[in-house]
Amino acid sequence: MTRSNRIVNRLILLVLGLVLIAAAAYVAGGRALGLPRIPNPSVGVLWAIVGGAVVVIVLSLVWILSRGRGRIRHLIEYESSDGSLTIDAHLVADLVGDALADQPDVTAVSSTGFRMRGRSVLSLRVTVRRGADLARVIRAVDTAVAQLDGVLEQQLPILLQVTGAVRARRQVR
Amino acid sequence: MSSLYPRILRRENHRSRSLAVSIALSLLILVAAYVGIECGLAAYGLDPLLVTPAAAVGWLRSGEIIVYVAAGLAALVGVVLLLLAILPGRRARHSVPNDRMAVIVDDGVLAGALARDARRVADVAPERVRADVSKRRARVIITPTSGVPVDANAAQATADGLLTELAPRPTVRARVSVAAAGEVGS
């Protein structure tokens, strides 16, 4: 999960699609509809197109390069006079993974962090075996998370994703 | 935190269009760069890279078949982009209510849990039960062993019980069916 603006993504696709369809309709059926023919471009129009192309290229590059932001590695960062403490998403995956070690249905635990509305969110991905007892796995993660809350001395917002073993990467524990 | 979860779940249940947008904009950059360069060269009165803008406009006005084919292809790409923009883009996942966490479960895992319960109740080998889950429906098909009856009602009740306990959203209703023809063996 990232912070990408999804409404604008949809709007961009919508506008590009409509422009393509309109241009195709104009080229293919403009004369039949009585629309004016495409004029020969004057020097002024040529420069306007060059300018427009530069703007389109710059805006497109800005949008493409801004995709996928929002992931974070450090879930918690403390600063104090004695020094600083950071808690890494991998550490959390290890803690939760250890707590789930006695669950035969769980094959892997991984975690990342992302920021949303100014808060660090822990994203836990638990991979289970085919035909796992889903209710039991969720209860076990609940227990593990309660322990985690105790260790971290705070309740991070948590996203738990339970996925099948198809995409499993076996994790040595 | 409570206001954060609905947003997280909504985003996790729907596909991001970032990849589609990035591809579309990359192509747009290539086209804009080429058109811009040709127009710049023509404005300076220099030789074109491939065709002058005037020649290109003349070709578009020519009414040759190839122009219509090109227009048709462009319209097709336009329709694809439009569909990507409008369709919901739901992922094969359901959210499960939980007090502490935002929980998302792949439909395949949900189907696996249903198949597991059905296999227990029907007392058949794992490969005798098939289950799949779509947005609002779960289908469980049990192939019984020949001569050994399977209690379809019990299997249905178990599936309903699991879906009531987990309460996946959007709501899923189970339909358990027992195949008419059994198979020989355990």
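Mentor: Start with D123(B). This residue sits in the loop between α5 (107-122) and β3 (129-133) of chain B. The model is predicted, so read every value as computed from it. Phi of D123(B) is near 55°. That is a positive value, in a residue other than glycine. Most residues other than glycine have a negative phi.

Now go along chain B to the loop between α6 and β5, where A167(B) is found. Phi of A167(B) is near 50°, again a positive value in a residue other than glycine. A167(B) has 13 other C-beta atoms within 10 Å, and is therefore partly exposed.

Look at the peptide bond from R169(B) to P170(B). This bond is cis, with omega near -5°. Most peptide bonds are trans.

Step back to the domains. Chain B is divided into domain 1 (4-86) and domain 2 (93-178). Their centres, taken over C-alpha atoms, are separated by 46 Å. Where the two domains of chain B meet, five residues of domain 1 are in contact with four residues of domain 2. The domain 1 side of that contact divides into three nonpolar residues, one polar and one charged.

Next, the partner chain. In the contact between the chains, 59 residues of chain A meet 62 residues of chain B. On the chain A side, α1 (6-29), α2 (43-65), β5 (119-128), α4 (134-152) and β6 (158-163) each supply at least two residues. The most come from α1(A), with 16 residues. By type, the chain A side that touches chain B divides into 40 nonpolar residues, 10 polar and nine charged.

Finally, look at the strands that link the chains. Four bridges join β6(A) to β2 (residues 102-106) of chain B. The two strands run parallel. For one bridge you can find by eye, take L160(A): its bridge partner in β2(B) is V103(B).

Note on methods:
Residues are numbered from 1 along each chain as its sequence is written. Chains are lettered from A and ligands numbered from 1 in the order in which they are written. This is a predicted model: local features need pLDDT of at least 70, side-chain atom pairs count only at pLDDT 80 or more; totals for chains, interfaces and linings use all residues. Two residues are in contact if their C-beta atoms, placed from the backbone, lie within 7 Å. Ala, Val, Leu, Ile, Met, Phe, Trp, Tyr, Cys and Pro count as nonpolar, Asp, Glu, Lys and Arg as charged, and the others, Gly among them, as polar. Two strands pair if DSSP finds at least two bridges between them. Domain bounds come from an automatic or database domain assignment. A residue is buried if 20 or more other C-beta atoms lie within 10 Å of its own, exposed if 12 or fewer, and partly exposed in between; C-beta atoms are placed from the backbone.
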